Amino acid sequence: SNRERVEDLRSKGFHAIAGDASSEETLQEAVITKAVAMIVVIPDVFEAATIIAAARKANPQIKLMIQDRYDPETTREIDALVDLKVSASDEIGQRMLGYIQKL
């Protein structure tokens, strides 16, 4: 949604767009049909669910990943649509274990 950032990325040769990621038009502009994966880190669970559903509809083969920071009661719909949920506490724990294993 940051037009200046989009223009900066475009000037560096990236395919950057501004728009609503739950919009079919925006996803088509983003060439979602060719995308291998999509990472969704939207803080609002309902907005994230809308984006995930739209991406899955546009490209059933896409790998969808989310940051698992939502209330489990509200994510049942999302859980069925994503391929990977990553939580900050899991990642922190993995790094700590990795450090200990190197000692």
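Two strands count as paired here if DSSP finds at least two bridges between them. I'm working from a predicted model, and I started with the sheet.

**Entry 1: the sheet**

I looked up the strand order and found an open sheet of three strands, β1-β2-β3, with parallel pairing. β1 and β3 (84-86) stand at the edges with a single partner strand each, so one side of each has no neighbour in the sheet. On average, neighbouring strands are turned by 20 degrees against each other, direction ignored.

Next I went through the pairs. β1 (residues 37-40) runs parallel to β2 (residues 63-67) over four bridges, and Val 40 stands opposite Ile 66 in β2. For β2 and β3 I got three bridges, again in the parallel sense. There, Gln 67 stands opposite Val 86 in β3.

**Entry 2: the helix against the sheet**

α3 packs on the sheet and touches β1 and β2. The direction of α3 makes about 170 degrees with that of β1. I also checked the handedness: β1, α3 (residues 45-58) and β2 make a right-handed β-α-β unit.

Which residues of β1 are on the covered face, and which on the uncovered one? Met 38 and Val 40 are on the covered face, while Ala 37 and Ile 39 are on the uncovered one.

**Entry 3: the largest pocket**

I looked up the largest pocket and noted about 660 Å³ of space in it. The lining has 26 residues, and those nearest the centre are Ile 17, Ala 21, Thr 26, Ala 30 and Met 38. Elements giving two or more residues to the lining are α1 (3-11), α2 (24-29), β1 and α3. Which element gives the largest share? β1 does, with four residues.

**Entry 4: Glu 29**

I picked Glu 29, which is found in helix α2. Is Glu 29 buried, exposed or partly exposed? I read 39% relative accessibility, so Glu 29 counts as partly exposed; the cut-offs are under 20% for buried and over 50% for exposed.

Leaving out residues up to four places away in sequence, Glu 29 touches Arg 10, His 15 and Ile 17.

Conventions
Residues numbered from 1 in each chain as written. Predicted model: local features only at pLDDT ≥ 70, side-chain atom pairs only at ≥ 80, totals over all residues. Heavy atoms only, no water. Buried < 20%, exposed > 50% of the residue type's maximum accessible area, 1.4 Å probe, protein only. Right-handed = clockwise from strand over helix to strand, strands pointing away. Axes fitted to C-alpha atoms, helices over the stretch in contact; angles between N-to-C directions. Contact = heavy atoms within 4.5 Å. 1 Å grid on protein atoms, 1.4 Å probe; cavity = no way out; pocket = protein on both sides within 12 Å on 5 of 7 lines; lining within 4 Å. Points joined across faces, edges and corners; volume = space filled by probe spheres on them.
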